[in-house]
Amino acid sequence: MTTVLLQKLRRCPLGYPEFLPIKLMRHGMSLSALHAEMEVMALMIGFRIWVCSILGLFIMDVLSYSYHMDDEIAKFIRRVNPPRVVIDNEVCKNVTVIKVDSANKHGILLEVVQVLTDLNLTIKKAYISSDGGWFMDVFNVTDQDGNKVTDEIVLGYIRKSLGPDDSSCYSPRSTIGVKQSVDFTVIELTGTDRPGLLSELCAVLTDLQCNVVNAEIWTHRAKAAAVLQVTDEETCSAVTDPERLSQIRKLLGYVLTGGSRSRRSREPKTTVSSSLDETYADRKLHQLMFADRDYDEWENSGVGGDDEDKSGRVVPDVDVSNLHDLDYSIVMIKCKDRPKLLFDTVFTLTDMKYVVSHASIDAQGPEAYQEYYIRHTDGSPVKSEAERQRVIKCLKAAIQRRVSEGLKLELCTSDRVGLLSDVTRIFRENSLTVTRAEVKTKGGKALNTFYVKDASGYQVDAKTIDAIRQVIGQTILQVKGGNTEVLKFLKEVFLLSVNGSSIMALMIGFRIWVCSILGLFIMDVLSYSYHMDDEIAKFIRRVNPPRVVIDNEVCKNVTVIKVDSANKHGILLEVVQVLTDLNLTIKKAYISSDGGWFMDVFNVTDQDGNKVTDEIVLGYIRKSLGPDDSSCYSPRSTIGVKQSVDFTVIELTGTDRPGLLSELCAVLTDLQCNVVNAEIWTHRAKAAAVLQVTDEETCSAVTDPERLSQIRKLLGYVLTGGSRSRRSCEPKTTVSSSLDETYADRKLHQLMFADRDYDEWENNVGDDEDKSGRVVPDVDVSNLHDLDYSVVMIRCKDRPKLLFDTVFTLTDMKYVVSHASIDAQGPEAYQEYYIRHTDGSPVKSEAERQRVIKCLKAAIQRRVSEGLKLELCTSDRVGLLSDVTRIFRENSLTVTRAEVKTKGGKALNTFYVKDASGYKVDAKTIDAIREVIGQTILQVKGGNTEVKPSSRESQTGFLFGVFKSRSFVNFGLIRS
């Protein structure tokens with residue numbers, strides 16, 4: 001009996017708590033025998049405790065929150081306290097239970113979670129306890145299909161990786177996600193995200209003869225991070241030449257900054273090395289984004305519910321509170337469950353130097369609940385409200401970084417140099433932006449996964465995906481999950497033959513290869529370059545041809561026009577110009593042109609609010625904006641008043657007054673000049689005009705220098721009111737035989753801007769009326785200092801060509817519109833622009849901010865049509881415009897705006913007139929004018945709110961006689 005008891009005592013660590021003297025006496029032992037046996041046992045136990053205490057102090061000193069542990073010490077500790085891994089497939093019905101206990105150290109929880117997530121196991125539940133010198137965790141896991149883990153290879157790997165046979169002793173260098181190797185070069189990239197960025201980076205690497213064999217790319221809150229493994233094209237090994245590594249770093253950095261040399265201060269991190277840092281690729285991506293402060297924009301509202309952030313993602317619930325009695329901080333997380341969620345939160349806490357002492361994880365439904373008891377590595381809890389908010393923001397960002405947005409595409413084909421560049425270029429040319437990507441190469445096969453979105457924010461167009469798959473290959477590129485409409489459409493599409501697809505892929509591949517070779521040159525020329533020679537522009541468009549997609553199916557009431565091409569300063573204005581010249585109404589627009597590529601989406605209708613279905617109009621859009629446009633967006637070839645030697649162009653600016661237009665036209669008639677086309681604006685006591693005139697006899701341009709000088713002199717005299725004493729204020733009068741290389745609309749804006757018609761604006765935000773009774777638009781400008789943008793917000797009454805006027809003003813003031821959102825679906829228009837100077841800087845001072853506001857308000861108001869609209873249609877002749885405007889003047893009407901056109905010998909003129917006294921136009925006056933000119937020749941358009949009703953006692957006869965005697969006999973409108 002004594003021997004049996006001693007054996008039991010020897011198996012008990014301390015002995016005494018389990019076997020009391022009373023229990024021993026029940027077995028028949030005497031007290032003296034018991035005393036002798038206990039003395040022997042006490043010596044044995046005492047010796048064991050002494051040894052354990054000496055080792056324990058050493059082990060605890062080494063283990064407790066020690067980061068940088070030598071491998072030999074770690075191996076010794078694991079021999080003394082070997083870890084134990086138990087895998088049980090019997091205790092639970094639907095999950096595999098994995099129990100791990102071992103000596104504790106900082107980061108051990110992360111390493112265990114890393115092993116499980118690397119095997120793509122789903123952690124349904126977990127109980128974690130690692131407070132002190134021992135680590136004891138229980139994980140309930142399933143495979144990706146939700147079944148128990150029964151694969152012996154997987155189970156054996158878990159036992160080896162977490163158990164005593166693991167020679168690595170949890171050393172991160174041996175369990176790194178992207179394994180350390182001298183066979184490839186590792187590139188780490190961070191920067192501001194934009195559509196087409198991945199394509200540009202891959203094109204640069206291809207051009208530098210580097211092959212991307214493995215990569216992981218994340219995007220989050222306008223930030224991008226990537227870890228790439230590349231090899232030399234010739235040697236298929238790491239790039240080791242220092243000069244070449246420096247060139248890679250330089251050119252990738254150039255692409256990441258959008259090609260702007262002035263933004264060097266914000267150049268993103270670009271690291272090139274021939275070995276990996278001792279962390280996983282996942283860990284490195286988290287660290288890169290954390291260092292780039294992608295968490296800064298999170299709202300710090302604590303637990304605020306599953307509201308959506310600005311990008312439409314569901315914001316997770318995260319809260320942090322302190323248990324002061326126990327010196328713990330409790331982190332509570334509730335969010336939608338997804339793969340690797342536990343790893344992302346545990347890594348973030350570990351990387352922020354927090355120790356997880358206890359945790360409870362529950363992810364058995366669609367939502368995951370995580371509860372952590374944490375301390376600093378020095379044993380203290382979260383110390384301040386600022387630190388609490390930082391932990392909340394960082395955890396929210398960590399949870400959202402890996403969320404897969406967009407349609408999932410999987411590519412499987414033989415690997416080759418430039419494959420990734422080709423595929424991403426095809427995505428970019430079809431207006432798709434990559435939100436996340438995983439690139440792997442195994443056994444000569446490329447196994448790539450892409451998550452893509454439409455650059456406009458809409459769902460990915462099924463036709464676009466089908467077109468891409470036909471080019472790349474239906475069997476090579478597969479659609480996985482995501483948009484059900486896309487999947488349904490693709491099932492109905494007739495598959496091309498393998499040979500046909502292969503031929504097309506080769507053709508596209510060759511084209512993209514050429515583009516990638518020339519990509520750096522193009523980026524250098526395109527980035528914020530204004531004065532581009534036409535030949536260079538044509539060359540660039542041949543290499544990177546623009547793409548125009550017109551879709552009448554995706555939206556019910558509007559036509560969707562997508563335009564993407566190589567970017568340059570002013571390209572947005574030129575696209576808007578084409579659409580507004582066709583009198584199309586832009587209901588919505590999404591604009592992105594930050595960097596080397598321009599991708600815009602416009603929702604448009606015709607003037608009647610219907611879809612655009614006229615094939616002539618659609619063909620003109622495709623030709624003007626697409627690759628067949630020989631003009632290369634050159635303003636000289638698309639100018640509103642076309643360049644010609646058949647007329648003389650006159651530009652006028654000056655102070656407005658009643659009858660001014662009549663006097664100017666009379667002078668031109670007296671000088672035997674016929675006005676064939678004209679555009680006249682008035683705004684805030686200023687007037688501007690662009691006139692096309694011809695010689696009365698030759699019906700061509702006036703070329704005699706003396707006569708041109710006489711025209712300039714007399715028109716200037718009229719504009720100054722005939723007072724020579726006002727020469728110092730003499731307005732601009734330009735006469736030439738060719739047009740300036742801008743539209744008439746652009747020239748009118750420039751003339752009024754130069755005449756500072758914006759100076760009198762009051763800078764108050766609100767829909768108050770100005771002195772002339774016009775409603776003042778809301779315009780505000782503010783800076784986003786973290787992103788070096790200025791944000792322009794505009795709200796005003798919608799009208800035709802509003803978008804052109806605001807875009808032109810910003811462009812003419814030398815601002816670059818990087819992003820914009822336009823909404824004009826109701827009576828009011830809302831416009832939001834993210835702008836920078838052409839040197840990459842935002843608005844720099846309050847004075848500049850006020851100037852931008854005033855200039856935009858003026859630009860919006862210049863084209864506002866004030867007064868009664870009159871349309872005149874009759875045969876053209878010399879002096880017609882002079883006669884009509886003289887009649888207006890003699891009847892106390894002033895012209896606020898006019899459009900004069902001549903087509904096929906017909907004069908098609910539009911006038912907006914007001915009473916010179918400021919009252920509404922008298923109906924009797926309008927009736928009398930129409931009686932004289934002709935009821936069918938002069939029509940009143942629009943409402944009659946500007947017309948005072950006439951009485952039944954008409955004096956038309958008297959007025960008619962006055963007009964006949966004073967006007968029409970003299971000017972030849974009627975015969976005497």
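This is a predicted model: local features need pLDDT of at least 70, side-chain atom pairs count only at pLDDT 80 or more; totals for chains, interfaces and linings use all residues.
User: How much of the chain is buried?
Analyst: Of the 976 residues, 52% are buried.

User: And the contacts with a separation of 6 or more, what share comes from residues 24 or more positions apart?
Analyst: That share is 71%.

User: Switching to helix α12 and helix α13. At what angle do the axes cross?
Analyst: Roughly 150 degrees. Helix α12 covers residues 419-429 and helix α13 covers residues 462-472. Their axes come within 10 Å.

User: Parallel or antiparallel, then?
Analyst: The crossing angle makes α12 roughly antiparallel to α13, because angles over 145 degrees count that way.

User: Left-handed or right-handed crossing?
Analyst: Right-handed, as α12 passes α13.

User: Which residues meet there?
Analyst: From α12, Val423, Ile426 and Phe427. They meet Ile468, Val471 and Ile472 of α13.

User: New topic. How many disulfides?
Analyst: The count is 0. The test asks for a pair of cysteine sulfur atoms within 2.5 Å.

User: Is cysteine 555 buried or exposed? What about cysteine 796?
Analyst: Cysteine 555 has a relative accessible area of 16%, so it is buried; the cut-off is under 20%. Cysteine 796 is at 5% and therefore also counts as buried.

Note on methods
Residues are numbered from 1 along each chain as its sequence is written. Side-chain values use heavy atoms; hydrogens and water are left out. Axes are lines fitted to C-alpha atoms, for helices over the stretch in contact, and angles run from 0 to 180 degrees between N-to-C directions. Helices (H or I, at least four residues) and strands (E, at least two) are DSSP runs, numbered from the N terminus. Angles under 35 degrees count as roughly parallel, over 145 as roughly antiparallel, 65 to 115 as roughly perpendicular and the rest as oblique. A crossing is left-handed if the near helix is turned anticlockwise from the far one by less than a right angle, and right-handed if clockwise. Contact means heavy atoms within 4.5 Å. Buried means under 20% relative accessible area, exposed over 50%, partly exposed in between (1.4 Å probe, protein chains only).
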